[in-house]
Amino acid sequence: MDEKTLRRDVALANRIIERFGLSNAFGHASARIPGTNRFYISTRRSPGLADETKLLVIDTDGKTHSGEGTPNSEFWIHARIYAARPEVNGVVHAHPLACIALTQIGEPHRVVHNQGGAFAGGVPEYERIGLIRSRELGDLVAQRLGKGVAVMMRGHGITTALADVRAATVAACFLEESADLQMRMLAAAGGDAKRIRAFTREEAELTGGQTGPSVAAAGRAWEYYSAVAEQRPLGG
(Lines give C-alpha, C1' and ligand atoms only; values in the text may rest on other atoms or scores of the structure.)
Protein backbone atom coordinates (compact mmCIF):
# COMPACT_ATOMS: atom_id res chain seq x y z
CA MET A 1 0.00 0.00 0.00
CA ASP A 2 1.40 3.41 -0.96
CA GLU A 3 1.84 6.29 1.48
CA LYS A 4 -1.10 8.29 0.15
CA THR A 5 -3.53 5.39 0.53
CA LEU A 6 -2.24 4.53 4.00
CA ARG A 7 -2.60 8.13 5.16
CA ARG A 8 -6.13 8.25 3.79
CA ASP A 9 -7.00 5.00 5.53
CA VAL A 10 -5.80 6.37 8.87
CA ALA A 11 -7.87 9.53 8.47
CA LEU A 12 -10.92 7.53 7.38
CA ALA A 13 -10.53 5.10 10.28
CA ASN A 14 -10.56 8.02 12.70
CA ARG A 15 -13.63 9.53 11.09
CA ILE A 16 -15.40 6.16 11.11
CA ILE A 17 -15.06 5.68 14.86
CA GLU A 18 -16.50 9.16 15.42
CA ARG A 19 -19.31 8.95 12.86
CA PHE A 20 -20.43 5.57 14.17
CA GLY A 21 -20.51 6.73 17.77
CA LEU A 22 -17.54 4.80 19.10
CA SER A 23 -15.87 8.06 20.10
CA ASN A 24 -16.64 11.76 20.05
CA ALA A 25 -13.99 14.31 21.07
CA PHE A 26 -11.54 11.57 21.98
CA GLY A 27 -10.19 8.38 20.39
CA HIS A 28 -7.64 7.59 17.70
CA ALA A 29 -6.65 5.13 14.99
CA SER A 30 -3.17 4.51 13.61
CA ALA A 31 -1.30 2.47 11.01
CA ARG A 32 2.24 1.18 11.03
CA ILE A 33 4.46 2.36 8.19
CA PRO A 34 5.31 -0.97 6.54
CA GLY A 35 8.60 -2.50 7.58
CA THR A 36 9.36 0.09 10.26
CA ASN A 37 8.82 0.82 13.95
CA ARG A 38 6.98 4.03 13.03
CA PHE A 39 3.29 4.73 12.60
CA TYR A 40 0.87 7.38 11.35
CA ILE A 41 -1.48 8.86 13.94
CA SER A 42 -3.66 11.96 14.01
CA THR A 43 -2.93 15.03 16.08
CA ARG A 44 -4.61 15.77 19.41
CA ARG A 45 -8.14 16.52 18.26
CA SER A 46 -11.42 14.71 17.75
CA PRO A 47 -11.03 11.66 15.49
CA GLY A 48 -13.93 13.11 13.51
CA LEU A 49 -11.62 15.91 12.39
CA ALA A 50 -8.73 13.73 11.25
CA ASP A 51 -6.95 14.95 8.12
CA GLU A 52 -4.64 12.73 6.06
CA THR A 53 -2.39 15.70 5.29
CA LYS A 54 -1.85 16.47 8.97
CA LEU A 55 -0.75 13.19 10.50
CA LEU A 56 2.18 12.66 12.82
CA VAL A 57 4.82 9.96 12.45
CA ILE A 58 5.81 8.51 15.83
CA ASP A 59 7.98 5.50 16.66
CA THR A 60 7.52 2.75 19.22
CA ASP A 61 9.78 4.59 21.68
CA GLY A 62 7.50 7.64 21.56
CA LYS A 63 9.67 9.92 19.41
CA THR A 64 7.91 12.14 16.87
CA HIS A 65 9.69 12.08 13.49
CA SER A 66 7.48 14.27 11.34
CA GLY A 67 4.27 16.27 11.28
CA GLU A 68 3.11 19.38 13.07
CA GLY A 69 0.94 19.51 16.15
CA THR A 70 0.59 17.80 19.50
CA PRO A 71 0.15 14.01 19.61
CA ASN A 72 -2.73 12.38 21.41
CA SER A 73 -1.70 11.87 25.03
CA GLU A 74 -2.46 8.14 24.76
CA PHE A 75 -0.25 7.51 21.73
CA TRP A 76 1.61 5.06 24.00
CA ILE A 77 -1.21 2.55 23.47
CA HIS A 78 -0.28 2.38 19.80
CA ALA A 79 3.47 2.65 20.27
CA ARG A 80 3.79 -0.21 22.72
CA ILE A 81 1.35 -2.54 20.93
CA TYR A 82 3.37 -2.10 17.74
CA ALA A 83 6.54 -2.79 19.75
CA ALA A 84 5.10 -5.97 21.24
CA ARG A 85 3.30 -7.26 18.14
CA PRO A 86 5.37 -7.03 14.92
CA GLU A 87 2.51 -8.60 12.94
CA VAL A 88 0.12 -5.79 13.92
CA ASN A 89 -0.11 -2.91 11.46
CA GLY A 90 -3.30 -1.20 12.64
CA VAL A 91 -4.49 -0.10 16.09
CA VAL A 92 -7.74 1.61 17.11
CA HIS A 93 -8.54 3.05 20.54
CA ALA A 94 -12.12 4.20 21.12
CA HIS A 95 -14.69 4.76 23.87
CA PRO A 96 -17.86 2.89 22.84
CA LEU A 97 -20.53 3.06 25.51
CA ALA A 98 -21.88 -0.51 25.44
CA CYS A 99 -18.37 -1.90 25.82
CA ILE A 100 -17.73 0.44 28.74
CA ALA A 101 -21.05 -0.59 30.31
CA LEU A 102 -20.09 -4.27 30.14
CA THR A 103 -16.86 -3.60 32.02
CA GLN A 104 -18.68 -1.66 34.72
CA ILE A 105 -21.26 -4.35 35.44
CA GLY A 106 -18.60 -7.03 35.54
CA GLU A 107 -19.89 -8.95 32.53
CA PRO A 108 -17.31 -10.54 30.23
CA HIS A 109 -17.83 -10.16 26.50
CA ARG A 110 -19.77 -13.04 24.99
CA VAL A 111 -20.25 -13.95 21.35
CA VAL A 112 -23.96 -13.52 20.66
CA HIS A 113 -24.09 -12.93 16.89
CA ASN A 114 -22.12 -13.67 13.74
CA GLN A 115 -19.91 -10.60 13.73
CA GLY A 116 -18.98 -11.28 17.34
CA GLY A 117 -17.23 -14.44 16.17
CA ALA A 118 -14.13 -12.34 15.55
CA PHE A 119 -13.64 -12.46 19.32
CA ALA A 120 -13.93 -16.22 19.72
CA GLY A 121 -10.70 -16.25 21.70
CA GLY A 122 -12.18 -13.90 24.28
CA VAL A 123 -11.67 -10.22 25.06
CA PRO A 124 -9.44 -9.63 28.09
CA GLU A 125 -9.98 -6.66 30.38
CA TYR A 126 -7.45 -4.04 31.39
CA GLU A 127 -8.72 -3.20 34.86
CA ARG A 128 -6.63 -0.17 35.78
CA ILE A 129 -8.54 3.14 35.70
CA GLY A 130 -7.08 6.22 34.01
CA LEU A 131 -5.51 7.34 30.77
CA ILE A 132 -2.52 5.60 29.19
CA ARG A 133 -0.01 8.43 29.22
CA SER A 134 3.29 6.62 29.77
CA ARG A 135 5.43 3.96 28.16
CA GLU A 136 4.94 1.75 31.21
CA LEU A 137 1.15 1.91 31.01
CA GLY A 138 1.30 1.31 27.27
CA ASP A 139 3.29 -1.84 27.97
CA LEU A 140 0.67 -2.97 30.49
CA VAL A 141 -2.11 -2.55 27.90
CA ALA A 142 -0.05 -4.48 25.33
CA GLN A 143 0.57 -7.24 27.87
CA ARG A 144 -3.13 -7.50 28.69
CA LEU A 145 -4.01 -7.61 24.99
CA GLY A 146 -1.51 -10.43 24.51
CA LYS A 147 -1.95 -12.08 21.13
CA GLY A 148 -5.62 -11.17 20.99
CA VAL A 149 -7.69 -8.99 18.68
CA ALA A 150 -9.06 -6.62 21.31
CA VAL A 151 -8.88 -5.57 24.93
CA MET A 152 -11.61 -3.86 26.96
CA MET A 153 -10.47 -1.12 29.31
CA ARG A 154 -12.61 -0.75 32.44
CA GLY A 155 -14.60 2.47 32.51
CA HIS A 156 -12.53 3.70 29.58
CA GLY A 157 -13.05 2.00 26.24
CA ILE A 158 -11.48 -0.56 23.93
CA THR A 159 -8.37 -1.11 21.84
CA THR A 160 -8.22 -3.33 18.76
CA ALA A 161 -5.09 -4.52 16.98
CA LEU A 162 -4.97 -6.35 13.67
CA ALA A 163 -2.99 -6.78 10.47
CA ASP A 164 -4.07 -3.40 9.08
CA VAL A 165 -5.99 -0.31 10.14
CA ARG A 166 -9.04 -1.26 8.09
CA ALA A 167 -9.41 -4.56 9.94
CA ALA A 168 -8.75 -2.91 13.31
CA THR A 169 -11.48 -0.35 12.58
CA VAL A 170 -14.01 -2.95 11.49
CA ALA A 171 -13.18 -4.98 14.61
CA ALA A 172 -13.87 -1.97 16.81
CA CYS A 173 -17.27 -1.49 15.16
CA PHE A 174 -18.08 -5.20 15.46
CA LEU A 175 -17.09 -5.28 19.15
CA GLU A 176 -19.38 -2.40 20.05
CA GLU A 177 -22.22 -3.93 18.03
CA SER A 178 -21.68 -7.19 19.87
CA ALA A 179 -21.54 -5.52 23.30
CA ASP A 180 -24.69 -3.54 22.56
CA LEU A 181 -26.55 -6.72 21.62
CA GLN A 182 -25.30 -8.40 24.78
CA MET A 183 -26.56 -5.50 26.90
CA ARG A 184 -29.97 -5.64 25.19
CA MET A 185 -30.19 -9.38 25.74
CA LEU A 186 -29.22 -8.99 29.37
CA ALA A 187 -31.96 -6.39 29.87
CA ALA A 188 -34.52 -8.56 28.08
CA ALA A 189 -33.52 -11.49 30.31
CA GLY A 190 -34.13 -9.45 33.44
CA GLY A 191 -30.43 -9.31 34.22
CA ASP A 192 -30.01 -13.08 34.23
CA ALA A 193 -26.86 -13.67 32.18
CA LYS A 194 -27.49 -17.42 32.19
CA ARG A 195 -30.44 -16.89 29.84
CA ILE A 196 -28.22 -15.48 27.10
CA ARG A 197 -27.60 -18.10 24.41
CA ALA A 198 -23.96 -17.29 23.73
CA PHE A 199 -22.20 -19.08 20.89
CA THR A 200 -19.96 -22.01 21.77
CA ARG A 201 -16.26 -21.63 20.98
CA GLU A 202 -16.73 -23.79 17.88
CA GLU A 203 -19.69 -21.72 16.69
CA ALA A 204 -17.80 -18.48 17.31
CA GLU A 205 -14.78 -19.72 15.39
CA LEU A 206 -17.02 -20.75 12.49
CA THR A 207 -18.67 -17.34 12.20
CA GLY A 208 -15.42 -15.51 12.85
CA GLY A 209 -13.88 -17.25 9.87
CA GLN A 210 -16.87 -16.31 7.72
CA THR A 211 -17.52 -12.70 8.72
CA GLY A 212 -14.57 -11.60 10.89
CA PRO A 213 -12.90 -8.21 10.37
CA SER A 214 -9.92 -9.59 8.48
CA VAL A 215 -12.36 -11.07 5.96
CA ALA A 216 -14.96 -8.32 5.98
CA ALA A 217 -12.50 -5.43 6.10
CA ALA A 218 -11.16 -6.26 2.66
CA GLY A 219 -14.55 -5.62 1.11
CA ARG A 220 -18.06 -4.88 2.23
CA ALA A 221 -17.62 -3.72 5.82
CA TRP A 222 -14.80 -1.24 5.19
CA GLU A 223 -16.52 -0.01 2.01
CA TYR A 224 -19.75 0.60 3.92
CA TYR A 225 -18.24 2.23 7.01
CA SER A 226 -15.99 4.51 4.98
CA ALA A 227 -18.78 5.52 2.59
CA VAL A 228 -21.07 6.44 5.48
CA ALA A 229 -18.28 8.31 7.23
CA GLU A 230 -17.78 10.41 4.09
CA GLN A 231 -21.49 11.29 3.93
CA ARG A 232 -22.47 11.61 7.60
CA PRO A 233 -21.79 14.99 9.25
CA LEU A 234 -19.54 15.46 12.27
CA GLY A 235 -21.46 14.48 15.38
CA GLY A 236 -24.10 12.83 13.24
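These questions and answers go through a predicted model, from its overall fold to single residues.

Residues are numbered from 1 along each chain as its sequence is written. In this predicted model local features need pLDDT of at least 70, side-chain atom pairs count only at pLDDT 80 or more, totals for chains, interfaces and linings use all residues, and side-chain values use heavy atoms, with hydrogens and water left out.

Me: How many helices and strands does the secondary structure come to?
Reply: Helices (H or I, at least four residues) and strands (E, at least two) are DSSP runs, numbered from the N terminus. By that rule the protein comes to eight helices and eight strands.

Me: What radius of gyration does the protein have?
Reply: The radius is taken over C-alpha atoms, and the globule rule is 2.2 Å times the number of residues to the power 0.38. The C-alpha trace spans about 50 × 35 × 30 Å along its principal axes. For 236 residues, a compact globule would come near 18 Å, and the protein agrees, with 17 Å.

Me: What percentage of the 236 residues is buried?
Reply: Buried means under 20% relative accessible area, exposed over 50%, and partly exposed in between (1.4 Å probe, protein chains only). Buried residues make up 53%.

Me: Among contacts between residues at least 6 apart in sequence, what percentage joins residues at least 24 apart?
Reply: A contact means heavy atoms within 4.5 Å. Of the contacts in the protein between residues at least 6 apart, the part that joins residues at least 24 apart is 67%.

Me: Which residue of β8 is the bridge partner of Gly90?
Reply: Two strands pair if DSSP finds at least two bridges between them. Strand β5 (residues 90–94) pairs with β8 in the antiparallel sense, over five bridges. The partner of Gly90 in β8 is Leu162.

Me: Which residue in β8 stands opposite Met152?
Reply: Strand β7 (residues 150–153) runs antiparallel to β8, and four bridges join them. Their hairpin has three residues between the strands, and Gly155 takes a positive phi there, near 65 degrees. Opposite Met152 stands Ile158.

Me: How many residues of strand β8 are buried?
Reply: Both faces of β8 are covered. Gly157, Thr159 and Ala161 are buried on one side, and Ile158, Thr160 and Leu162 on the other. For strand β8 (residues 157–162), the count is six of six.

Me: What covers the buried residues of α3?
Reply: In helix α3 (residues 97–104), Ala98, Cys99, Ile100, Leu102 and Thr103 are buried. The cover includes β6 (125–126), β7, β8 and α5 (165–188).

Me: Which residue with a positive phi follows α3?
Reply: Phi is near 75 degrees at this position. The residue is Gly106.

Me: How many disulfides does a search of the whole structure find?
Reply: A disulfide is a pair of cysteine sulfur atoms within 2.5 Å. The search comes to zero.

Me: How far from Cys99 is the nearest cysteine sulfur?
Reply: Cys99 is in no disulfide, and the nearest cysteine sulfur is that of Cys173. Cys99 counts as buried at 0% relative accessibility, and Cys173 counts as buried at 7%. The sulfur of Cys173 is away by 11 Å.

Me: How many aromatic pairs does the structure hold?
Reply: Rings of Phe, Tyr and Trp (its six-membered ring) pair if their centres lie within 6.5 Å; planes under 30 degrees apart count as stacked, over 60 as edge-to-face and the rest as tilted. The structure holds five.

Me: How many residues apart in sequence are the parts that the pair of Phe20 and Tyr225 ties together?
Reply: This pair is edge-to-face, 4.9 Å centre to centre, with 90 degrees between the planes. Phe20 lies in the loop between α1 (3–19) and β1 (28–32), and Tyr225 in helix α8 (residues 220–231), so the parts tied together are apart in sequence by 205 residues.

Me: Which residue has its charged end over the ring of Phe20?
Reply: A charge sits over a ring if NZ of Lys or CZ of Arg is within 6 Å of the ring centre and within 35 degrees of the ring normal. Ring pairs also link Phe20, Tyr224 and Tyr225 into a cluster. The charged end, 4.8 Å from the centre of the Phe20 ring, is that of Arg232.

Me: How far apart in space are Gly236 and Arg19, C-alpha to C-alpha?
Reply: Gly236 lies in the segment after α8. Gly236 is exposed, with a relative accessible area of 58%. Gly236 and Arg19 are 217 residues apart in sequence, and in space they are apart by 6.2 Å.
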